[in-house]
Amino acid sequence: MELSALAKYPFLREASAFIRSEGVTLEELLSEPAYARARALGRTRVHEALEKGPESPRVAIAPADQLSQLLAYPVARILVSALGDTYLTRRFALREAIAAEGLLGQDSDEAILHVAAELPMDLRREDGGFRIHFSDFLRFTNTMRDAPWKLINQPLERGYVTLRRQKALRVLRNAVQRHIEQGLPLPVNDDIVAAFKSDLSEIRGLLEAKKATFKAEDIGKVSITRFPPCMYNLLAQIQNHENVPHMGRFAIVAFLHHIGLGNEEIFRVFGDVPDFAADVTKYQIDHITGASSPTEYTPPECSTMKSYGICPGPDRICLTIKHPLSYYRIKGRERRPRGESASTAT
Amino acid sequence: MASMAAGMAVADPAKEATTRFLRSQFHRYYECTKPTLPDRFGRREFGFMFWTPGIVQRHLGFSKEEELKDFLVSRVPTHAYYSSAYYDHPNAPTMEEKGWLGADLVFDLDADHLPKAASMSYPEMLEAIRLKIVHLYDDFLQSDFGFDPKSMRLVFSGGRGYHIHVFDERVWSLGSHERREIVDYVTGKGLEVGSVFRESAFDRKDFQGHTRVKTRLVAPTSEDPGWRGKIMRGVNGLAAKLEGLSPNEAIKFLTSFEGVTDADASNLYENLFKPRATKPRIIRGIDRLREGQIESLSDRSRDLIIRLVKELQPVRDEAQAGVSLEGIVQRGETDEPVTSDIKRLIRMPSSLHGKTGLQVVTLSRGAIDDFRPLRDAVPKTWTEDRIRVNLKNKITMEIRGEVFNLAPGVNDVPQYLAIFLAARGLATVVPEA
Ligand code: SF4
């Protein structure tokens, strides 16, 4: 690929090879006045990841600008790595992936295939669109739970799922996001921290401010003492930043929705949890709860929870029910504090 | 020693003799059989059951074929399994310490889940399952999923079912959600009618500043990939079947499905077969349907016929367990004590099934068409020697090509039949005086 293309897709291995072949050293990148523009752009990208400031244009015409665009990427990665914050890392990967999806949308089919091959993703051209090996389709859509993305609703033939361009790009975005995330953090040394001292403290400030807005004071009108063990555990695990399987995240979102939390509230409950925020974005919460999809998902039944290994073992109430939602209802009936009516939680 | 002798005295001597007989035959089998090793043999966990019910030994790993063979010969298990998953340390006691590396896809179809299993004979059940497994192999795994026959293994379980192991490396790393998507695909779960029929605009009117677009549903063709084609082939097949029946028979057939009322059935029947136009030729709903015009059916009839087609799909999730997919244990998903849980282990080809004495046989796709378990899975090691057995009931069956009609009580039968009957609990061996 040429410099103009590499500047758009700087996460490709070729892009770092290009930088190496140009002989730009890390030291120069950090200090040379010639790279001041690249450093500024890199900083902007990190700010963008935290939704500060408008999106910066990513298509450059002049070769010098293209080089700055390209070099901005390692600068941004260094900044993200130096902060060592998983939430920021995920936000950054997502932001870059969305940018790539947009740029690929304007680009040729060849560019799409080229990027896919590097991830790697088995994507091929098929008249009028693309096809992708079903294993990659499953892998890169496993966070997308609504019916149009289910495998059974795809045209699957001889191992490949046919996709229209737009859908292929959406899958590619997930793959790019994962690719970027997996490459982070980079090792950072004291020189780097020193060189970016003021930038880093500025970003840290933004990050703290962003996180502060997420802190859910409490979870509103629902009562956590009525949660079944499974949901209580999931909530605790998520808030402790433990790795929760996809099914678990899905279950807790659907559960909170059904006991009466609004989507904004659900998002705020998890907003400061990087793992959660990256995989179950607001977009997905809207999907699970039916706000933006025809299906309103119900949390899985106890038997399903058990077979996924996310039922921590039934307690007394559990033994009488088949569904975690019943637990919440029964517990509400059992001892309703004065002043709280049964209708506070449906 | 004295207490043990006392214990033996209480035990049933016929039962003791039967177990001793089976154990010595199994021992003989393992002594002269080379075990079939799965690929990545050293990365699998093995599990075994023995002659005392309830005793399970798991978390075993072997690094050499001889080690496995020695184990089989010296311990003589009734059942032998290995994990569909690969681990860093297959013999570690917990999932966490094992270190999950990936897993084959394993499909397991068992006659226990056939709706009419209770009223079927053993060969009938096995035949019904064989048809299903072939359908799964041909029409799903090969044609839709594109698996190479070289990366699939068909296995007769030695009992009441068949398995397919898929060891294509592209599926190794798939997690449990992804695997469930594959099961859903195979069992027809989550199919959206909207993804089968596409809406297409056919008329557009501008009226007082509003645009009204009329749409119609376009049916797929039977050659379409995935479920679109399957549904269309099913719809056409079902319609053809109904056409061949008298109206009464057709209605009866339709109402035999659960939840289909007489009214639903007659509606659908009328929709399909009542003439709509007589000139220039008689046109009925079914004729339109064959031209791909699904809107010739009412919405209710359309949804009904699709539902029926889905139900007729032979690889269904009957009783939620007709098709189960093993190997979905993810790293760290469970570390609870799994001593009695062998669900995630699959039967080892070339081992013996303790409840039949039949061999777990690996089959090629070509071989399964003519495969008859009671003829082809009876180990060659079993001889014709006469064994005296005591039958609980009368037995009529065919095994190794011989037909037997046996009265209850004491009979002398060939060893291969004695083993089958004893293992199934239909006969006991008469202890030698
Ligand atoms: S039994 Fe049901 S409600 Fe209770 S913990 Fe398990 S999954 Fe949750």
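A: Of the 433 residues of chain B, 38% count as buried, where buried means that 20 or more other C-beta atoms, placed from the backbone, lie within 10 Å of a residue's own, exposed means 12 or fewer, and partly exposed lies in between. This is a predicted model, in which local features need pLDDT of at least 70 and side-chain atom pairs count only at pLDDT 80 or more, while totals for chains, interfaces and linings use all residues. Residues are numbered from 1 along each chain as its sequence is written, and chains are lettered from A and ligands numbered from 1 in the order in which they are written.

Q: Why does Phe147(B) count as buried?

A: Phe147(B) counts as buried because it has 22 C-beta neighbours inside 10 Å. Phe147(B) is found in the loop between helix H5 (122-142) and strand E7 (152-156) of chain B, helices (H or I, at least four residues) and strands (E, at least two) being DSSP runs numbered from the N terminus.

Q: Which residues is Phe147(B) in contact with, leaving aside its neighbours within four places in sequence?

A: Two residues are in contact if their C-beta atoms, placed from the backbone, lie within 7 Å. With those neighbours left aside, Phe147(B) is in contact with Leu141(B), Gln142(B), Met152(B), Val166(B) and Asp168(B). Asp168(B) is 21 residues from Phe147(B) in sequence, and the two are 7.3 Å apart in space, C-alpha to C-alpha.

Q: How should I read the two sides of a helix, and which residues of H11(B) are buried?

A: An α-helix has 3.6 residues a turn, so residues three or four places apart point the same way. In H11(B), the buried residues are Ala265(B), Leu268(B), Tyr269(B), Asn271(B) and Leu272(B). They lie on the same side of H11(B) because they cover an arc of only 160 degrees around the axis, the arc being that of the directions from the helix axis to the C-beta atoms. On the other side of H11(B), Asp262(B) and Ala263(B) are exposed.

Q: Where do chains A and B touch, and how many residues of each are in contact?

A: In this model, 24 residues of chain A are in contact with 26 residues of chain B. The largest share of the side of chain A that touches chain B, 4 residues, comes from H8(A). That side divides into 11 nonpolar, 9 polar and 4 charged residues, with Ala, Val, Leu, Ile, Met, Phe, Trp, Tyr, Cys and Pro counted as nonpolar, Asp, Glu, Lys and Arg as charged, and the others, Gly among them, as polar.
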